[in-house]
Amino acid sequence: MLTLRYSSGKVLLVATLASFIPQILLMLLSGSVSDKKHRKLVIILSDGLSAIIALLLAFSYSDTLFLMIALALRSAFSGLQTPAVDSAVPFFVEDSKLEKANGLKALLSSIVTLLSPIAAGVLLPAAGLTALLLLDAASALFAILLLLPLQVPEYSVEKNDEKREMFSLLKEKRMRNIFLFHGISLFLVAPGATLTPLLVAQAFSSSASSLSFSEAAYSLGMVIGGLLIALRGSRNSVADIIISLVFYALMMILISISPYFILYLCCNMVIGMISPRYTAAMASEVQRRTDGSRMGRSMALFSAIGTSAVPLGMMLFAPLADSVGVENVFTVAGLALLCFILVCRKLLEDKS
């Protein structure tokens, strides 16, 4: 809506920051709160507040300032909820089924990502933005009703336990290593995650249909990848992480030299298939290395790194794409990722 109203890069930058910064900050707070026997309350509260904001927006979306404030608040509520939900997963499934559970979560997220723009495109002309926002509020309230009877296990934590400190996790080598590996990996995959529309426009076609095909290929790949990991699971999450990143790097390099749009679409779909497998495997590995009393803080750090690493990568790769060409950026990032895996895979494999 802001794009259609202003067609301004500055407005979109402010909107992006409003959607990005509060989420990261609140993630870190949510991790600590979730470990103090309030995990279920955090999830319900964030959904309830999101529903209230949607209701207010339904009748005030013409006010740009309020839109920006609402974006920031919705971002904050998402930051509260994400670590609480992720940290609850290990309490409901066996250790051997963590990949399947996280894969199912990734699958559902992929389906929502794929169908939401389609549903909005169909419903917006027919019912209007107010109806869509009311539907959004109703879905949040429905989620709360589903959660109310559910018993979410909690761990009691001693009041003066120093392990309650958010960043105490980083004092442990096995946790510090995996978070470092996760952050650098996502930093290097930033071009494949965000610069594909620019590559399509410059190397193939800037038509709306070409960009739509590109997004559809990636989204379809995510659904297929999420479905595969949800059905089959994994026997070795560390191997899954490494293999996923190797394929991601190879696909970025192949995209950069692809002379045919159909080949590009196939590579982009493979990247989409890889993404949920990497996310599910990495989340499962972090969960296995964390004791239950610190699960909230561990998943908060995991989510904060995942949310910030790609935008930070874009601060390097986006300007670089303008100066040396987007295809060259894909090649450099792909080669850098392969070198990183080769040299630093021990960070991931060391569980001591």
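Cysteine 267 is buried in this predicted model, with a relative accessibility of 2%. A disulfide needs the two sulfurs within 2.5 Å. Cysteine 344 is also in no disulfide. Its nearest cysteine sulfur, in cysteine 339, is 10.0 Å away. Cysteine 344 counts as partly exposed, at 22% relative accessibility. Across the whole structure, the search finds zero disulfides.

Now the interior. In soluble globular proteins, nonpolar side chains tend to be buried together. The largest nonpolar core here has 50 residues. Leu195, Ile241, Met282, Val286, Leu337 and Leu348 touch the most other members. Helices α6, α8, α10, α11, α12 and α13 each supply at least two residues of this core. Helix α11 (261–288) gives the most, with 10 residues. Take isoleucine 241 as an example. Leaving out residues up to four places away in sequence, isoleucine 241 touches Phe181, Tyr278, Ala281, Met282, Glu285 and Leu348. A second core is separate and has 14 residues, including Ile43, Ile44, Leu133 and Ile144.

Helix α4 (residues 98–127) contributes the largest share, four residues. Isoleucine 118 lies in this helix. Its relative accessible area is 48%, so isoleucine 118 is partly exposed.

Terms used. Residues are numbered from 1 along each chain as its sequence is written. This is a predicted model: local features need pLDDT of at least 70, side-chain atom pairs count only at pLDDT 80 or more; totals for chains, interfaces and linings use all residues. Side-chain values use heavy atoms; hydrogens and water are left out. Buried means under 20% relative accessible area, exposed over 50%, partly exposed in between (1.4 Å probe, protein chains only). A nonpolar core is a set of buried Ala, Val, Leu, Ile, Met, Phe, Trp, Tyr and Cys residues joined through side-chain atoms within 4.5 Å. Contact means heavy atoms within 4.5 Å.
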